[in-house]
Amino acid sequence: MQFIKQYLKETQQIIDQLDIHQIERFIDFVVHARDHHGRLFILGVGGSAANASHAVNDFRKIVGIEAYAPTDNVSELTARTNDEGWATVFSEWLMTSRLKAKDLLLIFSVGGGNLEKNVSPNLVKALQYAKDIGSKILGIVGRDGGFTAKMADACILIPTINPENLTPHSEAFQAVLWHLIVSHPKLKNQPTKWESLQLNVKENA
C-alpha cells in the first residue's frame with residue numbers, strides 16, 4: 001500500500017513541475033511543420049519504441065501530419081543492425097527517407113542519449129544527422145535530457161522525483177504528453193471515437 005501511495009504522489013509531483021512553456025513551444029513546431037507539409041519522424045528504443053508506434057498513429061489520424069517510426073519496420077531495423085551496426089540504424093533510415101529541413105525529429109527517451117557513455121548511440125547519431133540537415137528537433141525525455149536536450153529546439157523534460165522510478169515515470173509521461181499534444185486545439189483535426197460518440201448522445205438527448 002505504501003509503494004502505491006508513494007508512486008502516485010511522485011506522479012502528481014511530476015505533473016506539477018512540467019514546463020508548460022516548453023509544451024506550448026513543442027506544439028507550435030508541430031503546427032508549423034504540418035502547415036508547411038513537413039513530416040514527423042519519431043525515434044525511441046525499448047518501451048519508448050512502443051510509445052513511438054502509438055504516437056505515430058495519433059499524430060497521423062488526429063493531427064493530420066505525415067508521421068513515421070523506423071522501429072515499426074522490424075525487417076529493415078534488424079537488417080541494418082546485422083549489416084551495419086546498431087549505432088547507425090536510425091540515421092541511415094532517416095537518410096533513406098530523405099529527411100528535409102522542413103521535417104521534424106521527435107525523440108522519446110528515458111535519458112536522451114549519451115555518446116561518451118555509449119548510451120543510445122543510435123539516437124545521438126540520428127540527432128547529429130537531423131541537425132546537419134536543419135530539421136527541427138523535439139524531445140520528451142527524462143533525467144537531464146542528455147544529448148537530446150542539448151540538440152533540441154523544444155524539449156519537454158520529465159522531472160526526476162525518485163531515481164528508483166525513473167524509467168516507468170519517463171515512459172508513462174511520454175504517453176501523457178503526446179496525448180496532451182495531439183488533443184490541443186491548435187493540432188486536433190479529427191475527433192477521437194469515444195468523444196464523438198458522447199457528443200452524439202448529448203445531441204440526441
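**Notebook: pockets, cores and rings**

I began with the lining of the largest pocket, which by class has seven nonpolar, 10 polar and six charged residues. I note here that this is a predicted model.

**Entry 1: the largest pocket**

I looked up how much space it holds. The largest pocket contains about 360 Å³. Its lining is made of 23 residues, and Gly111, Gly112, Gly113, Asn114 and Val119 are the closest to its centre. Next I asked which elements supply the lining of the largest pocket. Helix H3 (47-63), strand E3 (104-109) and helix H7 (146-151) each give at least two residues. H7 gives the largest share, three residues.

**Entry 2: the cavity**

The whole structure has one cavity of 30 Å³ or more. The volume of the largest cavity is about 50 Å³. I listed its lining: Ile158, Pro159, Thr160, Ile161, Asn162, Asn165, Leu166, His169 and Ser170. By class, I found four nonpolar, five polar and no charged residues there.

**Entry 3: the nonpolar cores**

Before looking at cores, I wrote down a general point. In soluble globular proteins, nonpolar side chains tend to be buried together.

The largest nonpolar core here has 35 residues. Phe26, Val30, Ile42, Phe59, Leu106, Ile140 and Ile181 touch the most other members. I checked which elements build this core. Helix H2 (20-35), strand E1 (40-43), H3, E3, strand E4 (136-141), strand E5 (154-157) and helix H8 (166-183) each supply at least two residues. H2 supplies the largest share, seven residues.

Leaving aside neighbours within four places in sequence, isoleucine 181 is in contact with Ile23, Phe26, Ile27, Phe59, Ile140, Ile156 and Leu187. I also found a second, separate core of 22 residues, which includes Val89, Leu99, Val124 and Phe147.

**Entry 4: arginine 80**

Is arginine 80 buried or exposed? Its relative accessibility is 14%, so arginine 80 counts as buried. The cut-off for buried is under 20%. Arginine 80 lies in helix H4 (residues 74-84). I looked up its contacts, leaving aside neighbours within four places in sequence. They are Gly85, Val89, Glu92, Trp93 and Thr96.

**Entry 5: aromatic pairs**

How many aromatic pairs are there? I count five aromatic pairs. I looked at the rings of phenylalanine 3 and tyrosine 7. Their centres are 5.9 Å apart and their planes are at 40 degrees, so the pair is tilted. The two residues are four apart in helix H1 (residues 2-17), so about one helical turn separates them. Phenylalanine 3 is exposed because its relative accessible area is 55%. Tyrosine 7 is partly exposed, at 22%.

I moved on to phenylalanine 41 and tryptophan 93. Their ring centres are 5.7 Å apart and their planes are at 80 degrees, so I marked this pair as edge-to-face. The pair links distant parts of the chain. Phenylalanine 41 is in strand E1 and tryptophan 93 is in helix H5 (residues 89-96), 52 residues apart. Phenylalanine 41 is buried, with a relative accessible area of 0%. Tryptophan 93 is buried as well, with a value of 11%. I noted that ring pairs link Phe41, Tyr68 and Trp93 into a cluster.

Trp93 turns up in two of my entries: it is a contact of arginine 80, and it belongs to this ring cluster.

Terms used. Residues are numbered from 1 along each chain as its sequence is written. This is a predicted model: local features need pLDDT of at least 70, side-chain atom pairs count only at pLDDT 80 or more; totals for chains, interfaces and linings use all residues. Side-chain values use heavy atoms; hydrogens and water are left out. On a 1 Å grid over the protein atoms alone, a cavity is a set of points where a 1.4 Å probe fits but cannot get out, and a pocket is an open set with protein on both sides within 12 Å along at least five of seven lines; lining residues have an atom within 4 Å of a point. Grid points are joined across faces, edges and corners, and a volume is the space filled by probe spheres set on the points. Ala, Val, Leu, Ile, Met, Phe, Trp, Tyr, Cys and Pro count as nonpolar, Asp, Glu, Lys and Arg as charged, and the others, Gly among them, as polar. Buried means under 20% relative accessible area, exposed over 50%, partly exposed in between (1.4 Å probe, protein chains only). Contact means heavy atoms within 4.5 Å. A nonpolar core is a set of buried Ala, Val, Leu, Ile, Met, Phe, Trp, Tyr and Cys residues joined through side-chain atoms within 4.5 Å. Rings of Phe, Tyr and Trp (its six-membered ring) pair if their centres lie within 6.5 Å; planes under 30 degrees apart count as stacked, over 60 as edge-to-face and the rest as tilted.
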